[in-house]
Amino acid sequence: MPGIEKLPIEETLEDSPQTRSLLGVFEEDTAAISNYCTQLYQAMQRIYDAQNELSAATHLTSRLLKEYDKQRFPLGGDDEVMSSTLQQFAKVIDELSSCHAVLSTQLADAMMFPITQFKERDLKEILTLKEVFQIASGDHDVAINRYSRLSKRRDNDKLRAEVVEDVYTSRKKQHQTMMHYFCSLNTLQYKKKTALLEPLLGYMQAQISFFKLGSENLTQQWEEFLGTIGTSVQNVRREMEEEVGQMQQTIQEMERACDALYAPCDPDPAHSPVCRNLTRKQGYLYIRNKTGLVSSSWERQYFFTQGGNLMQQGRGEVAGGLVTDLDNSSVMAVDCDDRRFCFQVTSFDGKKVVTLQAESRKECEEWISTINNISRRIYLSENAEELAARVNQSALEAVTPSPSFQQRHESMRPTSKGRTGRASSISSVGSEPSPALSVLSLDALVAPETPIQFDIISPVSEENSGQNKTAPQSGRRSNPFGESGESTAEDSEDSILHQLFIVRFLGSMEVKTAESVDVISETMRQILAARAIHNIFRMTESHLLVTCDCLKLIDPQTQVTRLRFPLSTVVQCSSHQDNKRLFGFVLQTASGRGDSRVVCYIFESNNDGEKICDSIGLAKQIALHSEMDRKAVEKKKEEDKAKEKQKEELSKQRQIEKDLEEQSRLIAASSRPANPPGSDGQFLVLSNSQSEDSDAGEEGKKKGL
């Protein structure tokens with residue numbers, strides 16, 4: 001077996017950019033292994049499923065042959081020869097079915113189990129360790145930033161102890177997690193060999209066992225080769241077990257040896273004295289960058305000396321960059337209002353001043369001594385340590401802060417330059433129109449000589465025609481906490497879908513049609529060609545927010561909405577056929593004159609453009625279903641109102657009928673003759689109930705007044 005690449009566990013505590021860069025290579029290799037293993041697993045799963053299907057089909061065939069005697073064919077008759085022959089075939093096929101079932105079991109145990117175990121256990125374990133390591137690394141960065149911001153003037157013992165304990169815990173957790181993560185990645189280099197060879201070995205052994213009765217020669221030919229592969233697998237496994245044991249032992253030794261180095265404070269000077277004879281040094285420092293006339297910011301970088309130069313390198317970068325030339329330079333400890341353990345490096349001509357912060361006083365003194373030795377070119381001499389010992393006195397004097405020197409060179413510091421924006425090179429993406437499109441059809445999509453907009457400018461016709469034209473067009477600031485001074489309906493954040501993407505605006509132009517998807521490809525081709533011709537490389541970066549109501553382009557720094565596209569106006573959205581990072585959509589809006597205006601917008605994304613198009617399509621589907629649900633609810637409300645109105649009209653009609661009946665009874669009672677006088681000379685009066693009884697054919701009862 002060839003040599004196995006390994007990550008150095010001994011360098012996990014230093015956590016240098018070179019180690020992180022090498023870790024990135026191993027992570028890319030792990031991702032490639034995972035992708036390939038998934039494809040191989042799918043192929044073997046198809047073999048296993050096909051073998052199970054073949055076993056079931058063979059068993060079904062045998063059962064049907066056995067049931068031939070039970071069949072009653074109208075023209076077949078009783079054929080004993082055919083029946084006995086089929087019974088013999090049934091016995092042979094039944095045996096084959098048993099062999100196929102055994103083969104399926106062997107494939108499940110010898111082929112599917114190893115690759116499934118590698119895929120579900122080993123690869124997922126590495127993925128989990130990667131997430132834990134990233135979390136631990138982030139916690140360590142937060143803790144060390146908090147520790148570095150401790151004020152020297154307002155020194156709080158309790159707060160400093162808490163911060164030191166936090167740094168100790170986070171650094172220990174990061175170191176231990178990183179060592180175990182490295183161990184798993186190194187182990188994977190062995191396991192990937194066995195994970196690919198063991199399933200194939202099991203597959204071949206199962207097949208040979210299946211065909212052994214009829215292929216003795218073939219079996220003898222392959223047994224030697226398979227035996228060699230099996231021996232190789234065992235050798236790799238033994239080597240892996242030895243390497244895992246050594247790595248575990250190294251981890252235990254490193255955990256015991258590095259326990260005292262987790263704390264950021266100064267160690268015991270008796271056990272770890274300051275070394276003042278160094279001519280090379282490396283480690284993390286904070287560098288102060290001026291952001292204005294009186295304001296500044298601190299940035300943590302990895303610094304190292306290379307010859308007579310001081311270099312810096314960001315985490316994840318491949319190579320370092322020059323900070324300053326240390327030959328004949330001066331270095332001294334300085335007092336900073338907001339930081340401790342600071343020192344200042346001034347170039348030989350005094351034009352460049354670099355202020356750095358170390359993690360502890362010991363680190364600060366060692367950096368000052370090292371830069372002092374390099375500035376005197378001691379590193380070029382044969383006996384550098386003896387010469388460095390003679391200049392230690394000047395280094396000790398430089399450890400004492402000298403604010404006067406800092407004030408003397410304050411006016412000589414160069415003004416801070418703004419960071420130049422990242423220029424994304426726009427190359428030809430080969431966006432040729434489809435062969436079915438001719439020049440005439442391309443002119444029908446996009447007219448030649450059409451003006452192209454290369455920067456984001458809010459269109460006049462974008463839902464603001466009814467507003468005051470003197471209003472600011474910079475957009476409304478989006479509050480990340482969901483609070484706003486003016487809560488409008490169109491800016492409501494109650495949408496079901498909220499997806500944010502980082503995009504860069506390439507350009508937009510007005511097109512003739514919104515029906516064909518090819519119009520987006522043709523617009524991409526013309527915009528990219530125009531940018532290349534006019535040497536336009538600057539792109540406006542924005543955040544594209546996709547909701548169920550609209551698409552928003554938000555400024556990433558000010559959170560101001562630059563553009564807002566209602567989702568109902570987006571009629572087409574697609575990505576480039578070759579370069580999936582390019583995507584665009586067609587917007588159709590109504591202008592003030594009554595006709596429609598079709599504009600195609602083209603963007604470049606960090607992610608896959610197809611994901612953004614899918615997100616927009618999903619938003620349109622959600623909006624469509626929401627509109628359908630809203631219409632169904634409104635229709636139901638209208639039906640309920642109609643039913644209530646019908647009930648009210650029916651109750652009114654019944655009340656009118658009751659009133660008419662009452663009036664008819666009163667008229668009938670008033671039209672009857674007067675009652676004759678009684679024997680006692682008094683008149684009898686019939687009540688309404690009595691009159692109703694008389695109308696029904698019953699005899700009324702008389703009551704005396």
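**Exercise 1. Describe the surface and the overall make-up of the protein.**

Solution. The accessible surface of the protein comes to about 42700 Å², and carbon and sulfur atoms hold 52% of that area. The structure is a predicted model, and the values that follow should be read with this in mind. Turning from the surface to the interior, 36% of the 705 residues count as buried. The secondary structure consists of twelve helices together with 15 strands. As for the contacts, among those with a separation of 6 or more, 68% are made by residues 24 or more positions apart.

**Exercise 2. Work out how Asp-157 and Arg-160 are placed, and decide whether each is buried, partly exposed or exposed.**

Solution. Begin with the pair itself: Asp-157 and Arg-160 form a salt bridge, in which the closest N and O atoms are 2.8 Å apart. Next, locate both residues in helix α3, which covers residues 157-210, where they lie three residues apart, about one turn of the helix. Finally, compare the relative accessible areas with the cut-offs, by which a residue is exposed over 50% and buried under 20%. Asp-157 has 52% and is therefore exposed, while Arg-160, with 25%, is partly exposed.

**Exercise 3. Find which parts of the chain are linked by Glu-604 and Arg-581, and state how accessible each residue is.**

Solution. The first step is to identify the contact, a salt bridge between the side chains of Glu-604 and Arg-581 with an N to O distance of 3.7 Å.

**Exercise 4. Determine how Glu-67 and Arg-63 meet, and give the number of salt bridges in the protein.**

Solution. Start from the general idea that side chains of opposite charge can pair when their charged atoms come close. Here the side chains of Glu-67 and Arg-63 meet in a salt bridge, at 3.5 Å from N to O. Glu-67 is partly exposed at a relative accessible area of 25%, and Arg-63 also counts as partly exposed, at 37%. With a nitrogen-to-oxygen limit of 4 Å, the count comes to 29 salt bridges.

Conventions
Residues are numbered from 1 along each chain as its sequence is written. This is a predicted model: local features need pLDDT of at least 70, side-chain atom pairs count only at pLDDT 80 or more; totals for chains, interfaces and linings use all residues. Side-chain values use heavy atoms; hydrogens and water are left out. Helices (H or I, at least four residues) and strands (E, at least two) are DSSP runs, numbered from the N terminus. Buried means under 20% relative accessible area, exposed over 50%, partly exposed in between (1.4 Å probe, protein chains only). Contact means heavy atoms within 4.5 Å. Accessible areas come from the Shrake-Rupley method with a 1.4 Å probe; for residues, only the protein chains shown count as cover.
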